[in-house]
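Please have the sequence and the structure open while I talk, and stop me whenever you like.

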Amino acid sequence: MRRRRLLVAATLAVALCAGYLSTTTRHRLDHGNSWWHGADAKSRTEGPTTEVRFAFDPGRQITFGATIHNPGPWPVTLTGIAVDDGPVDQHIFTIARLAVNHADEATAALFDPGSATPFRSTTVPAGTELPVFVTITIPDVEMAPDGGLFFDDLAVDYAVLGLPRHQRVPMGFRLLVHSASGYVPVN
(Lines give C-alpha, C1' and ligand atoms only; values in the text may rest on other atoms or scores of the structure.)
Protein backbone atom coordinates (compact mmCIF):
# COMPACT_ATOMS: atom_id res chain seq x y z
CA MET A 1 0.00 0.00 0.00
CA ARG A 2 2.80 2.41 0.91
CA ARG A 3 4.57 1.64 -2.33
CA ARG A 4 1.43 2.40 -4.31
CA ARG A 5 1.01 5.79 -2.60
CA LEU A 6 4.63 6.63 -3.33
CA LEU A 7 4.17 5.67 -6.99
CA VAL A 8 1.00 7.81 -7.27
CA ALA A 9 2.74 10.77 -5.59
CA ALA A 10 5.78 10.45 -7.91
CA THR A 11 3.55 10.21 -10.99
CA LEU A 12 1.59 13.27 -9.88
CA ALA A 13 4.81 15.23 -9.25
CA VAL A 14 6.16 14.33 -12.71
CA ALA A 15 2.85 15.33 -14.35
CA LEU A 16 2.81 18.67 -12.51
CA CYS A 17 6.42 19.42 -13.49
CA ALA A 18 5.74 18.50 -17.11
CA GLY A 19 2.65 20.72 -17.16
CA TYR A 20 4.57 23.61 -15.57
CA LEU A 21 7.39 23.36 -18.12
CA SER A 22 5.00 22.93 -21.03
CA THR A 23 2.95 25.97 -20.01
CA THR A 24 5.87 28.29 -19.32
CA THR A 25 8.03 27.38 -22.31
CA ARG A 26 5.13 27.92 -24.74
CA HIS A 27 4.34 31.37 -23.35
CA ARG A 28 5.25 33.93 -26.04
CA LEU A 29 5.16 37.72 -26.04
CA ASP A 30 4.04 39.75 -29.07
CA HIS A 31 3.99 43.33 -30.32
CA GLY A 32 1.25 45.54 -29.02
CA ASN A 33 -1.23 47.70 -30.90
CA SER A 34 0.77 50.92 -31.04
CA TRP A 35 4.18 52.48 -31.52
CA TRP A 36 5.67 55.97 -31.27
CA HIS A 37 8.37 58.20 -32.74
CA GLY A 38 9.26 61.85 -32.37
CA ALA A 39 9.34 64.58 -35.02
CA ASP A 40 12.86 63.52 -36.07
CA ALA A 41 11.51 60.42 -37.87
CA LYS A 42 9.13 59.70 -40.69
CA SER A 43 6.85 56.72 -41.00
CA ARG A 44 5.28 55.08 -44.00
CA THR A 45 3.20 51.99 -44.56
CA GLU A 46 3.27 49.86 -47.68
CA GLY A 47 0.99 46.86 -47.56
CA PRO A 48 1.42 45.07 -44.23
CA THR A 49 4.81 46.71 -43.48
CA THR A 50 5.28 49.95 -41.56
CA GLU A 51 8.69 51.57 -41.59
CA VAL A 52 9.93 54.23 -39.17
CA ARG A 53 12.88 56.05 -40.75
CA PHE A 54 15.52 58.14 -38.99
CA ALA A 55 18.32 60.01 -40.77
CA PHE A 56 21.83 58.58 -40.29
CA ASP A 57 23.93 60.87 -38.09
CA PRO A 58 26.72 59.01 -36.23
CA GLY A 59 26.70 59.53 -32.47
CA ARG A 60 23.20 61.05 -32.42
CA GLN A 61 20.64 59.52 -30.11
CA ILE A 62 17.18 58.64 -31.39
CA THR A 63 14.12 57.54 -29.43
CA PHE A 64 11.25 55.34 -30.51
CA GLY A 65 8.48 53.54 -28.71
CA ALA A 66 7.03 50.05 -29.05
CA THR A 67 4.52 48.13 -26.99
CA ILE A 68 5.19 44.64 -25.66
CA HIS A 69 1.99 42.62 -25.40
CA ASN A 70 1.52 39.73 -23.00
CA PRO A 71 -1.33 37.65 -24.47
CA GLY A 72 -1.47 35.50 -21.33
CA PRO A 73 -2.64 33.37 -19.68
CA TRP A 74 0.02 34.19 -17.03
CA PRO A 75 1.58 37.49 -15.96
CA VAL A 76 5.22 37.94 -16.98
CA THR A 77 8.04 39.88 -15.36
CA LEU A 78 10.21 41.73 -17.88
CA THR A 79 13.80 41.75 -16.66
CA GLY A 80 15.72 43.08 -19.67
CA ILE A 81 15.26 44.68 -23.08
CA ALA A 82 17.92 45.08 -25.77
CA VAL A 83 18.10 45.86 -29.48
CA ASP A 84 20.84 43.31 -30.18
CA ASP A 85 21.46 39.83 -28.83
CA GLY A 86 24.85 38.42 -27.91
CA PRO A 87 27.95 39.99 -26.36
CA VAL A 88 27.67 43.74 -25.76
CA ASP A 89 30.92 44.48 -27.63
CA GLN A 90 29.31 43.07 -30.81
CA HIS A 91 26.12 45.17 -30.70
CA ILE A 92 25.54 47.55 -33.59
CA PHE A 93 23.33 49.92 -31.61
CA THR A 94 23.93 50.85 -28.00
CA ILE A 95 21.00 51.61 -25.76
CA ALA A 96 21.36 54.95 -24.04
CA ARG A 97 18.04 54.80 -22.16
CA LEU A 98 15.06 52.53 -21.60
CA ALA A 99 11.85 53.95 -20.14
CA VAL A 100 8.28 52.74 -19.74
CA ASN A 101 4.78 54.08 -19.24
CA HIS A 102 2.96 51.97 -16.70
CA ALA A 103 -0.77 51.50 -17.16
CA ASP A 104 -3.16 50.51 -14.42
CA GLU A 105 -6.70 49.17 -14.48
CA ALA A 106 -8.14 52.65 -15.12
CA THR A 107 -5.64 53.78 -17.76
CA ALA A 108 -5.04 52.44 -21.22
CA ALA A 109 -1.47 51.88 -22.35
CA LEU A 110 -0.24 55.04 -24.05
CA PHE A 111 2.98 56.76 -25.03
CA ASP A 112 3.75 59.78 -22.89
CA PRO A 113 7.47 60.65 -22.90
CA GLY A 114 6.95 63.19 -20.11
CA SER A 115 5.65 60.62 -17.62
CA ALA A 116 7.91 57.71 -18.64
CA THR A 117 10.03 56.21 -15.88
CA PRO A 118 13.35 54.38 -16.24
CA PHE A 119 12.96 50.69 -17.04
CA ARG A 120 13.29 48.32 -14.09
CA SER A 121 12.08 44.79 -13.74
CA THR A 122 8.33 45.09 -14.18
CA THR A 123 5.30 42.81 -14.30
CA VAL A 124 2.98 42.83 -17.31
CA PRO A 125 -0.37 41.24 -16.47
CA ALA A 126 -1.96 38.77 -18.89
CA GLY A 127 -3.85 40.47 -21.72
CA THR A 128 -2.08 43.84 -21.35
CA GLU A 129 0.76 45.65 -23.04
CA LEU A 130 3.60 47.84 -21.82
CA PRO A 131 4.74 50.93 -23.76
CA VAL A 132 8.55 51.01 -23.88
CA PHE A 133 10.71 53.96 -24.98
CA VAL A 134 14.10 52.96 -26.38
CA THR A 135 16.83 55.54 -26.96
CA ILE A 136 19.70 54.23 -29.07
CA THR A 137 22.94 55.80 -30.28
CA ILE A 138 23.55 55.71 -34.02
CA PRO A 139 26.89 53.93 -34.60
CA ASP A 140 29.91 55.50 -36.30
CA VAL A 141 30.13 52.99 -39.16
CA GLU A 142 30.70 53.19 -42.88
CA MET A 143 27.52 53.50 -44.92
CA ALA A 144 26.92 53.20 -48.66
CA PRO A 145 24.83 55.88 -50.38
CA ASP A 146 21.14 55.09 -49.88
CA GLY A 147 22.15 52.40 -47.36
CA GLY A 148 20.83 51.79 -43.91
CA LEU A 149 20.76 49.83 -40.69
CA PHE A 150 17.48 48.31 -39.60
CA PHE A 151 15.79 46.01 -37.11
CA ASP A 152 12.20 44.99 -36.42
CA ASP A 153 12.30 43.26 -33.04
CA LEU A 154 13.63 43.62 -29.50
CA ALA A 155 15.51 41.05 -27.43
CA VAL A 156 13.46 40.62 -24.26
CA ASP A 157 14.34 38.71 -21.10
CA TYR A 158 11.38 37.80 -18.92
CA ALA A 159 10.10 35.27 -16.43
CA VAL A 160 6.85 33.27 -16.55
CA LEU A 161 5.85 31.69 -13.24
CA GLY A 162 9.47 32.11 -12.15
CA LEU A 163 11.02 30.40 -15.21
CA PRO A 164 13.48 32.71 -17.05
CA ARG A 165 12.84 33.13 -20.78
CA HIS A 166 14.44 35.02 -23.69
CA GLN A 167 12.64 35.96 -26.90
CA ARG A 168 12.99 38.22 -29.94
CA VAL A 169 9.71 40.16 -29.71
CA PRO A 170 8.47 41.81 -32.93
CA MET A 171 7.92 45.58 -32.66
CA GLY A 172 5.14 45.71 -35.26
CA PHE A 173 7.25 47.99 -37.48
CA ARG A 174 10.69 48.14 -39.06
CA LEU A 175 13.08 50.81 -37.77
CA LEU A 176 15.51 52.08 -40.42
CA VAL A 177 18.45 54.41 -39.91
CA HIS A 178 18.95 55.67 -43.48
CA SER A 179 22.04 57.23 -45.05
CA ALA A 180 21.06 59.18 -48.17
CA SER A 181 24.58 60.14 -49.26
CA GLY A 182 26.81 57.54 -47.60
CA TYR A 183 29.42 58.00 -44.90
CA VAL A 184 33.04 57.04 -44.20
CA PRO A 185 34.24 57.37 -40.57
CA VAL A 186 37.31 59.50 -39.94
CA ASN A 187 39.80 57.49 -37.87
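In which loop does Asp146 lie? Asp146 sits in the loop between β9 and β10, the latter covering residues 147-160. Before I say more about that residue, please keep in mind that this is a predicted model.

Now, Asp146 itself. Its phi is near 60°, which is a positive value in a residue other than glycine. Is Asp146 buried or exposed? Asp146 has a relative accessible area of 58%, and because that is over the 50% cut-off, Asp146 counts as exposed.

Leu161 also has a positive phi, of about 50°, although Leu161 is not a glycine. You will find Leu161 in the loop between β10 and β11. With a relative accessible area of 40%, Leu161 is partly exposed.

While we are on backbone geometry, have a look at Gly72 and Pro73. The peptide bond joining Gly72 and Pro73 is cis, with omega about 15°. Pro73 belongs to the loop between β4 and β5, where β5 is residues 76-82.

Let's move on to the strands, starting with β9. Strand β9 spans residues 128-137 and is mostly covered, with 9 of its 10 residues buried. Which strands pair with β9? One of them is β4, residues 61-70, which runs antiparallel to β9 and is joined to it by 10 bridges. If you want a landmark in that pairing, Ile62 stands opposite Ile136 in β9. Strand β6, residues 94-100, also pairs with β9 in the antiparallel sense, over 6 bridges. There the landmark is Arg97, whose bridge partner in β9 is Thr135.

Next, the open sheet. How many strands does it have, and in what order? The open sheet has 6 strands in the order β2-β3-β11-β10-β5-β8, with mixed pairing. Its edge strands are β2 (41-46) and β8 (122-124), each of which pairs on one side only. From one strand to the next, the twist averages 40°.

Within that order, I'd like to zoom in on β3 and β11. Strand β3 (residues 49-55) pairs with strand β11 (residues 163-179) in the parallel sense, over 5 bridges. Glu51 has Arg174 as its bridge partner in β11.

Let me take Arg60 and Asp40 to begin with. Their closest N and O atoms are 3.9 Å apart, and since the cut-off is 4 Å, the pair counts as a salt bridge. What does this pair tie together? Arg60 lies in the loop between β3 and β4, while Asp40 lies in the loop between β1 (30-37) and β2, so the pair ties together parts that are 20 residues apart in sequence. Both residues are partly exposed: Arg60 has a relative accessible area of 23%, and Asp40 has one of 36%.

Then there is Asp153 with Arg168, a salt bridge at 2.5 Å, N to O. This pair links distant parts of the chain, with Asp153 in strand β10 and Arg168 in strand β11, 15 residues apart. Asp153 is buried, with a relative accessible area of 18%, whereas Arg168 is partly exposed at 28%. Elsewhere, salt bridges that share partners join Arg44, Glu46, Glu51, Arg53 and Arg174 into one network. Glu46 is exposed at 53% relative accessibility, and Arg44 is partly exposed at 43%.

Last stop, the nonpolar core. Which residues touch the most other members of the largest one? Phe64, Leu78 and Phe151 do, in a core of 35 residues. The elements giving two or more residues to this core are β3, β4, β5, β6, β9, β10 and β11. Strand β10 gives the most, with 6 residues.

Leaving aside neighbours within four places in sequence, Phe64 is in contact with a list of residues including Trp36, Phe54, Val132, Val134, Ile136, Phe151, Met171 and Leu175.

Notes:
Residues are numbered from 1 along each chain as its sequence is written. This is a predicted model: local features need pLDDT of at least 70, side-chain atom pairs count only at pLDDT 80 or more; totals for chains, interfaces and linings use all residues. Side-chain values use heavy atoms; hydrogens and water are left out. Buried means under 20% relative accessible area, exposed over 50%, partly exposed in between (1.4 Å probe, protein chains only). Helices (H or I, at least four residues) and strands (E, at least two) are DSSP runs, numbered from the N terminus. Two strands pair if DSSP finds at least two bridges between them. Axes are lines fitted to C-alpha atoms, for helices over the stretch in contact, and angles run from 0 to 180 degrees between N-to-C directions. A salt bridge is a side-chain nitrogen of Lys or Arg within 4 Å of a carboxyl oxygen of Asp or Glu. A nonpolar core is a set of buried Ala, Val, Leu, Ile, Met, Phe, Trp, Tyr and Cys residues joined through side-chain atoms within 4.5 Å. Contact means heavy atoms within 4.5 Å.
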